[in-house]
Amino acid sequence: MTESNAASQAEETATTEAGPTPSISSQLAMVSLLSPRAAAEQAGIDPDGAVGGLYFTDANGENTVVLRETQIVIDSATESGSVLADHVVRDGAELRVLREVRDGVQDCPWDLKAEFVPSSLAVSDYDLDGIGEVLFVYRLACRSDVSPAEQKLLLLENGDKYILRGSTSTPYELYEDPLPEPTAEQWPLNAYESALDRFRELAPEFS
Ligand SMILES: [Ca+2]
């Protein structure tokens with residue numbers, strides 16, 4: 001996501017408000033992309049491997065999201081890779097972890113992929129409850145050909161995790177819609193449809 005997209009995201013959130021004087025409790029404020037390193041430092045975590053950073057304020061306080069990737073060569077034949085997402089909130093002097101996400105691929109003897117889609121990192125408040133819903137997408141694969149990668153979209157709200165699990169689409173394999181967990185009805189109001197659209201937009205690979 002570019003900075004202009006971050007701005008339009010904030011704008012979009014703001015325009016969902018009715019009336020000229022929106023209440024602070026039902027909108028996000030000060031949404032901005034951070035350099036990955038600055039985001040990590042702000043969140044009090046190791047900046048090694050940081051690839052994405054986002055800051056926003058909501059009813060919880062000052063939020064920072066950091067995306068990191070690690071790749072380790074285990075021996076000459078295999079490697080392992082991880083994606084790590086940390087969502088922390090600063091409320092006064094206190095720094096609190098709202099959610100940590102850890103996923104990856106272990107001992108891959110072929111081509112390893114454990115990467116975020118950097119442009120996917122965004123925040124919205126689809127259900128207008130004043131708490132931001134952070135969205136990001138990552139891909140995992142261990143493959144020796146052009147088969148699809150596993151693709152996951154995560155939505156984090158107030159420490160709760162909502163996920164779409166599916167795969168990328170390639171010129172050789174038909175796209176299938178991902179499966180939600182929990183079920184679509186349990187997602188924040190209006191969030192599931194938007195998340196599904198975003199998943200589809202980001203699914204193409206090798207094209
Ligand atoms: Ca919300």
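Me: Two strands count as paired if DSSP finds at least two bridges between them. How do you know that E4 and E5 pair?

Reply: Strand E4 (residues 79–91) is joined to E5 by 12 bridges, and the cut-off is at least two, so the two strands pair. They run antiparallel, and Leu 84 stands opposite Arg 102 in E5. Strands (E, at least two residues) and helices (H or I, at least four) are DSSP runs numbered from the N terminus. This is a predicted model, in which local features need pLDDT of at least 70 and side-chain atom pairs count only at pLDDT 80 or more, while totals for chains, interfaces and linings use all residues. Residues are numbered from 1 along each chain as its sequence is written.

Me: What makes E1 and E5 the edges of the sheet?

Reply: Five strands form an open antiparallel sheet in the order E1-E2-E3-E4-E5. Strand E1 (29–34) and strand E5 (94–108) each have a single partner strand, so one side of each is left without a neighbour in the sheet.

Me: Why is Asp 107 called exposed?

Reply: A residue is exposed if 12 or fewer other C-beta atoms, placed from the backbone, lie within 10 Å of its own, buried if 20 or more do, and partly exposed in between. Asp 107 has 12 such neighbours and therefore counts as exposed. Asp 107 is found in strand E5, and its phi is near 50°, a positive value in a residue other than glycine.

Me: Why is Asn 190 called partly exposed?

Reply: Asn 190 has 15 other C-beta atoms within 10 Å, and is therefore partly exposed. Asn 190 lies in the loop between E11 and H3, with a positive phi of about 75°.
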